[in-house]
Amino acid sequence: TIKALAVARTYLEESKVDFATFPRFTTTTLEGPGAGQPRDMSAVELYLCPSCSPKLVGKEIVEYRVAATTIPNTIGNVIFKDAEAKKVIKLEMMGVQAVNQGVKAVAIARQSLENLPMDLAMMPHFRTVDTAVGPRTALELTLVPTGTGMGTGTEQEA
C-alpha cells in the first residue's frame, strides 16, 4: 500500500497535486474457514488527506535509515522526540521488512502524539540510493509535524 501511494505521488507531481497520509493502529477481527474462534489482530490503517500536504521550506530535516531489523518502538520514540521539536523526519527504507518496520514506527510515534495538539503527516516517495552493489530504489517517508491533533481532518502546518 505504501508503495502504491509513492507511485501515485510520483504521477501527481506534474499536476502540482499532492497528498499526505496518516497511519494509525487499529484492531480488526479475523475470521476464516476452519480457523475456529475469531481472533483480534493489530492492523495499520492509512488515512489519506489530499489537502494536507505541508510545506517543507525552512524546516530542520533529520534523516534515518530503517532496516528489517530496526525495532519499531526505538525509532518510534526518536520520531516522537523529533516531531515534538517540530523537525521534519525522513525515513529511508529498502525492502519490504524495512518498510513494515518504518510504518509501525510512525504509527507508534503518532500514538505518543495523541495527547498533544499535533500530528504527523506522512508523504511516501521513491528515491535512488547508491550502494556498494550499484544504485537501488529506496522508499522514503517524509514525516512533517502538523499543528492539530489526531483524526480531525483539518491538519495544518505547525
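What share of the contacts in the protein chain with a separation of 6 or more comes from residues 24 or more positions apart? The share is 67%, where contact means heavy atoms within 4.5 Å.

1. Basis. This is a predicted model, in which local features need pLDDT of at least 70 and side-chain atom pairs count only at pLDDT 80 or more, while totals for chains, interfaces and linings use all residues. Residues are numbered from 1 along each chain as its sequence is written, and side-chain values use heavy atoms, with hydrogens and water left out.

2. Overall layout. The protein chain has three helices and six strands. Helices (H or I, at least four residues) and strands (E, at least two) are DSSP runs, numbered from the N terminus. Along the sequence the pattern reads α-β-β-β-α-β-α-β-β. Of the 158 residues, 40% count as buried. Buried means under 20% relative accessible area and exposed over 50%, with partly exposed in between (1.4 Å probe, protein chains only).

3. Strand β4. This strand covers residues 88–93. Six of the six residues of β4 are buried, so the strand is largely enclosed by the rest of the structure. Both of its faces are covered: V88, K90 and E92 lie on one side, I89, L91 and M93 on the other, and all are buried. Note that K90 and E92 are among these buried residues, although Lys and Glu count as charged.

4. Partners of β4. Strands pair if DSSP finds at least two bridges between them. Strand β3 (residues 61–66) runs parallel to β4 and is joined to it by six bridges; in this pairing E63 stands opposite K90. Strand β6 runs antiparallel to β4, with five bridges between the two, and here L91 stands opposite L141.

5. Strand β6. In β6 (residues 134–146), 10 of the 13 residues are buried, so this strand too is largely enclosed by the rest of the structure. Besides β4, β6 pairs with β5 (residues 119–131) in the antiparallel sense, over 13 bridges.

6. Packing of α2 and α3. Two packed helices are described by the angle between their axes and the distance between the axes. Helix α2 (residues 72–84) and helix α3 (residues 96–113) have axes that come within 7 Å and cross at roughly 50°. This makes α2 oblique to α3. The crossing is right-handed. On the α2 side the contact is made by P72, N73, I75, G76, I79, F80 and A83, and on the α3 side by Q101, K104, A105, V106, I108, A109, S112 and L113. By class, the contact divides into 10 nonpolar residues, four polar and one charged.

7. Conventions for point 6. Axes are lines fitted to C-alpha atoms, for helices over the stretch in contact, and angles run from 0 to 180 degrees between N-to-C directions. Angles under 35 degrees count as roughly parallel, over 145 as roughly antiparallel, 65 to 115 as roughly perpendicular, and the rest as oblique. A crossing is right-handed if the near helix is turned clockwise from the far one by less than a right angle, and left-handed if anticlockwise. Ala, Val, Leu, Ile, Met, Phe, Trp, Tyr, Cys and Pro count as nonpolar, Asp, Glu, Lys and Arg as charged, and the others, Gly among them, as polar.

8. V99 lies in helix α3 and counts as buried at 15% relative accessibility. Apart from its neighbours within four places in sequence, V99 is in contact with I2, M93 and L139. V99 and L139 are 40 residues apart in sequence, with a C-alpha to C-alpha distance of 7.5 Å. A98, also in α3, is buried at 1% relative accessibility. Not counting residues up to four places away in sequence, A98 touches V66, A67, A68 and M93. The C-alpha atoms of A98 and P72 are separated by 9.9 Å, and these residues are 26 apart along the chain.

9. Backbone at K86. Most residues other than glycine have a negative phi. K86 is not a glycine, yet it has a positive phi of about 60°. K86 sits in the loop between α2 and β4 and is partly exposed, with a relative accessible area of 45%.
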